[in-house]
Each structure stands twice: as C-alpha cells, then as structure tokens.
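Thanks for coming. I would like to walk through one structure this morning, element by element, and then take questions.

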Amino acid sequence: MEKIIITATAESIEQVKELLAAGVDRIYVGEEDYGLRLPKNFTFDELREIAKLVHAAGKEVTVAANALMHQEMMDNIKPFMDLMREIQVDYLVVGDAGVFYINKRDGYNFKLIYDTSVFVTSSRQINFWKNHGAVEAVLAREIPSVELFDIAKNLDMPAEILVYGASVIHHSKRTLLQNYYNFTEAEETDKSRQRGLFLAEPGDPDSHYSIFEDKHGTHIFINNDISMMTKLMELADHGYRNWKLDGIYCPGSNFVAIAKLFVQARDLIEKGQFSYDQAFLLEEEVRKLHPAERGLDTGFYDYDKDKVK
C-alpha cells in the first residue's frame with residue numbers, strides 16, 4: 001500500500017515538536033497576511049524556526065497561502081514568497097491562480113497544493129490544476145462517499161481529505177459580524193475565534209455554527225466537527241491517503257492526543273491489521289478528547305448525493 005500522509009495544523013512551536021514526536025508527516029502552518037483559518041498566525045521568525053525543526057526531524061512543512069487575493073496583496077507577496085524559498089518550504093497551499101502564475105514566472109517553483117475550500121468537487125477540476133503546476137489538491141468537505149469514490153477513479157494526483165477537525169462552510173471578505181453589531185447598536189468589539197461566537201438556526205436552538213471575523217473577513221463553520229476514524233479503511237481502499245487533522249477548535253494537548261490516535265490507525269492500516277472494532281474503539285477515544293461543547297460526526301460522508309445537491 002502507498003504510504004498514508006498525515007498533515008496536522010499547529011498552534012505553537014512546542015506543539016510542532018509534540019506532533020512530530022507523535023508521528024505526523026507534515027506540519028501545516030502560516031502567517032496572518034496570506035493564510036486562512038489557522039490555529040495561530042506565526043511570525044516570519046517563528047516560521048523559520050518551525051521549518052528547521054520539521055526538516056531536522058525528516059518531515060515536511062506545509063505553509064498556507066490560501067487567502068482570497070486582492071491586487072494589493074498580490075503586489076506585496078514577494079517578501080512572503082522569498083521567505084518560503086529561504087525556509088525551503090515543502091508545500092505551499094494556494095487557491096488563487098495569481099500565485100500559480102508568480103510561482104512559475106519568478107522561478108520559485110514551489111510544490112503547490114490547490115485549495116479553494118468548498119469549491120473543489122470534481123476530478124476534472126483537480127486534474128486541470130495538475131496541468132497548471134499543482135501536485136496535490138484539497139477536496140471540499142461536503143462531498144458524500146459515493147461521489148468521493150467516483151472522483152478517486154479519475155484522479156491524476158493525490159487529493160486531501162479532512163479526517164478530523166472543524167470544516168468551514170462560508171467565507172466572506174465582508175465584515176458580517178461588525179455589520180451585525182452596527183445594525184443592532186451593540187457595544188461589542190471582540191469578534192475573534194477565541195470568543196467562541198456561533199450562529200443557531202431559529203428552529204434548532206441546539207445548532208452550533210461557529211463564526212469569527214478577522215482581517216480576511218468572516219468565517220462560518222459547519223454545525224458539527226468531523227471525525228472520519230470509522231471511515232479510514234474505506235478512504236484508504238479508494239486511494240485517499242492524504243489525511244488532514246485540523247486543530248483550530250481543539251487546542252493544546254488534546255489535539256496532539258487525537259493526532260496520536262490517527263497515527264495509530266494509519267500504522268495499523270498500512271500493516272493490514274486494522275479492523276472496524278479497532279476503529280470504533282479509537283473513535284470513542286477521539287470523542288473523549290474532543291471539546292465537549294462541540295458536536296462530532298462524519299459530515300456529508302454518508303449523505304445521499306442527491307440530497308446534498
């Protein structure tokens with residue numbers, strides 16, 4: 001079996017060390033200007049230190065450059081791209097065609113992972129970007145398993161699946177929270193992720209759509225977070241061997257412990273020793289570590305594809 005790659009976000013340099021020790025293959029980080037929805041926005045110096053730690057461990061560092069680019073951002077991207085060259089970034093996560101253009105025109109030639117969040121939904125789209133410089137792509141989280149398996153039959157490059165963490169369903173460059181506060185004349189200033197704001201459906205008070213606002217606009221997340229522990233064998237059998245763990249809403253040691261559980265599952269699958277009984281036992285452990293105030297399920301995986309459309 002082809003090796004399964006586990007990518008994990010990191011919220012601190014100390015957590016980077018812990019995740020490397022836990023057995024993840026890639027560390028996913030970024031900074032405030034070009035990266036979206038990160039557990040922490042690192043400084044350039046911190047990214048330098050992280051890259052050294054990751055490479056010294058024989059692992060890979062992935063840096064987010066998946067922001068919605070306006071002209072000013074594109075005009076000022078050179079220092080960021082130069083830093084990526086300096087730290088010898090292994091992968092750059094990109095959603096804007098302009099970054100693909102600069103990467104080739106200016107001779108950076110980084111390995112690019114195509115990520116436009118909720119919009120990557122077909123093999124043809126993924127294969128198109130392979131022909132324009134991408135080496136991997138991030139699939140949308142709202143794809144049922146039936147469609148995932150159909151997509152897998154025609155992929156020309158690896159596609160990443162979120163196997164644990166929060167999933168964004170809407171991103172607007174507009175300041176929607178601030179607009180709401182202005183309309184309601186609320187004396188509010190804290191719109192950060194750390195505050196824990198969420199939306200609830202009028203007919204479902206138990207619904208919980210996390211929302212925050214930053215310099216890139218407003219971000220809204222799906223009602224429940226995702227855990228695909230009980231689906232890992234199916235994903236691997238259909239060729240999905242790039243797994244993402246996102247700790248944006250699972251801080252600290254619990255996220256590292258969850259990463260260890262997915263590494264354990266990965267190792268057992270690669271040895272041909274994984275069973276559904278083990279999957280459900282590991283899923284129980286994930287649920288114990290997952291934030292109590294946040295729901296957890298398999299997202300759209302078991303949905304009827306016609307219902308999603």
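I will go through a helix, some strands, a helix pair, a sheet and a few individual residues. One caution before I start: this is a predicted model.

Let me begin with helix α1, residues 13–22. Its buried residues are I13, Q15, V16, L19, L20 and A22. What covers those buried residues of α1? The cover includes the strands β1, residues 5–9, and β2, residues 26–29, along with the helices α2, residues 44–56, and α10, residues 253–270. Just after α1 comes G23, with a positive phi of about 110°.

Next, strand β13, residues 242–245. Both of its faces are covered. N242 and K244 lie on one side, W243 and L245 on the other, and all of them are buried. For the pairing, β1 runs parallel to β13, with four bridges between them. In that region A8 has L245 of β13 as its bridge partner. β7 is likewise joined to β13 by four bridges, again in the parallel sense. There, I161 has W243 of β13 as its bridge partner.

Now the helix pair, α2 and α4. Their axes are 10 Å apart and the packing angle is about 20°. An angle under 35 degrees counts as roughly parallel, so α2 is roughly parallel to α4. The crossing of α2 past α4 is right-handed. On the α2 side the contact is made by F44, L47 and R48; on the α4 side, by P79, F80, L83, M84 and E86. By type, the residues of this contact of α2 with α4 are six nonpolar, two charged and no polar.

On to the open sheet. It has four strands in the order β8-β11-β10-β9, with antiparallel pairing. Which strands are at the edges? They are β8 and β9, each pairing on one side only. On average, neighbouring strands in this sheet are turned by 25° against each other, ignoring direction. S172 has T218 of β11 as its bridge partner. Helix α8 packs on this sheet, where it touches β8, β10 and β11. The direction of α8 makes about 110° with that of β10.

Is S167 buried or exposed? The relative accessibility of S167 is 2%, so this residue counts as buried, the cut-off being under 20%. Leaving out residues up to four places away in sequence, S167 touches R141, L162, F221, I222 and I226. R141 is 26 residues from S167 along the chain, and their C-alpha atoms are separated by 6.9 Å.

Most residues other than glycine have a negative phi. Q88 is not a glycine, yet its phi is positive, near 55°. Q88 sits in the loop between α4, residues 78–86, and β4, residues 91–94. With 58% relative accessibility, Q88 counts as exposed. E185 is also not a glycine and has a positive phi of about 55°. The loop holding E185 runs between α8, residues 176–184, and β9, residues 198–201. E185 has a relative accessibility of 69% and therefore counts as exposed.

That is what I have. Questions, please.

Conventions: Residues numbered from 1 in each chain as written. Predicted model: local features only at pLDDT ≥ 70, side-chain atom pairs only at ≥ 80, totals over all residues. Heavy atoms only, no water. Buried < 20%, exposed > 50% of the residue type's maximum accessible area, 1.4 Å probe, protein only. Helix = DSSP H or I, 4+ residues; strand = E, 2+ residues; numbered from the N terminus. Contact = heavy atoms within 4.5 Å. Pairing = 2+ DSSP bridges. Axes fitted to C-alpha atoms, helices over the stretch in contact; angles between N-to-C directions. Parallel < 35°, antiparallel > 145°, perpendicular 65-115°, else oblique. Left-handed = near helix turned anticlockwise from the far one by under 90°. Nonpolar A, V, L, I, M, F, W, Y, C, P; charged D, E, K, R; others polar.
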